[in-house]
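Here is a short briefing for a first look at this structure.

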Amino acid sequence: GMLVPKLGWTESAWKSILCWKLDDAGDTAKERNGRTDDPIASRTGHAIWVGGGSDRALRLDGYSVWVTQQDAPIAISGGSISITAWLALESYPANEGAIVHLEGRPDGEISFAVDRWGYVVATTRLGGASSTCKSSQSIPKSQWHHLAVVVDQTGMTLFMNGRACGYQAGANQLRSLARRVDVTLGKSPQCEVIASVFPTGVMNGLLRDLYVFDGAPSESGLGRLIEESRPGGPPDLQINGAWCSDDSHRPAYHAMPPRAWTNEPHGLIHFGGQYHLFYQKNPNGPYWGHIHWGHMTSSDLYQWTEMPVALSPEPGPDSEGCWSGSVIEYQGKLAVLYTAGDGHRSSICLALSEDGIHFIKHHGNPVIPEPPQGHDFPDFRDPFVWREGETYYLIIGSAIKEKGGTALLYRSKDLVTWEYRK
């Protein structure tokens, strides 16, 4: 198990200094301790709230919704500070996105964030020294999770659902954190901005019950906070139809993703009594990047139902995107062969699904790691697969320098071991 120090603070030393319940209405979020109404940024000019009662939460859309408070008072009397929140993600942010970011005036910084592969990351910049702590596991999507970080003079500890999931030793000079901070919920303020319009460090999901505490909780105190604030039901991450209701150019029919970015539909296949259609998807916003495989199904090619994302970028060969490919039925399963990109090269990877909804990536990916040797092909992407008899064939888009585009031909008996033909 993970070796982390015991939380030794008493209950009385654990005091809320900032609190956003995020169960509001309207276009501001109330900070309960200072009684401020903090503005919520949104592309529409209006905040999106979902659920009611213990399920009420602020809907973050991945690129335009976040909360800010300028010059918030923050007083740390002891040697530790804690941050807790409930979070449910539709997708991981395109770049590291802050659950909450505290920027000291004039000095000091604490960020409690999720990176682009779903790992919780806490970062401090205090007294001229920087430190980062990363969770040992990623956050499962489409579920509520209680996340917490405790920063003290000996290090940082991360918690997921009350269990320690990361620890980084190192001195944190908390007294160097300014007494007033600029606060951002749901966004990393210094993230990359695409086309000067789309911030890439914005959370995509639901956020509620965000606290900043002076001090650290006991184990029982953290457990009690979790139980008292636990949402009453599963997160409502369905795309609100009202988001697009004022778009007069949006088609009334045809296969169409609910929002954000799409390009290159592919992999149309009939399987399990349904047509399945896949497409290039960035669930975080209407810009290219952080590409997933979106998925829709239909019984008639007219009415389409959006399904869970089939493939998402993960650390490894597809860390920078799951790009175009094709789909075939293989031994009663759906098999996806797709282009994987890691920022340095592209390769061909395999994923399989027994139910046509949940896909498992092949443990030995990539199945074709690089182009054939000796030809210096500058491109290697967009595989298309078919079967003739008991043999599977695959063509991959490529090019020959100073000549132009070409297709590379491979064959296989099992979709895993491929032989280059020409």
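Cys19 is buried, because its relative accessibility is 5%, under the 20% cut-off. This is a predicted model. The structure holds zero disulfides.

**Cysteines**
- Cys349 takes part in no disulfide.
- The nearest cysteine sulfur to Cys349 belongs to Cys322, 7.9 Å away. A disulfide would need the two sulfur atoms within 2.5 Å.
- Cys349 also counts as buried, with a relative accessibility of 0%.

**Around Thr28**
- Thr28 lies in strand S2, which covers residues 28–31.
- Pro39 is 11 residues from Thr28 in sequence. In space, their C-alpha atoms are 4.7 Å apart.
- Setting aside neighbours within four places in sequence, Thr28 contacts Asp37, Asp38, Pro39, Ile40 and Trp49.

**An open sheet of four strands**
- The strand order is S27-S28-S29-S30, with antiparallel pairing.
- Strands S27 (381–388) and S30 (419–420) stand at the edges. Each has a single partner strand, so one side of each is left without a neighbour in the sheet.
- Strand S28 spans residues 391–400, and strand S29 spans residues 404–412.
- S28 and S29 pair in the antiparallel sense over nine bridges.
- Gly397 has Ala407 in S29 as its bridge partner.

How values were computed
Residues are numbered from 1 along each chain as its sequence is written. This is a predicted model: local features need pLDDT of at least 70, side-chain atom pairs count only at pLDDT 80 or more; totals for chains, interfaces and linings use all residues. Side-chain values use heavy atoms; hydrogens and water are left out. Buried means under 20% relative accessible area, exposed over 50%, partly exposed in between (1.4 Å probe, protein chains only). Helices (H or I, at least four residues) and strands (E, at least two) are DSSP runs, numbered from the N terminus. Contact means heavy atoms within 4.5 Å. Two strands pair if DSSP finds at least two bridges between them.
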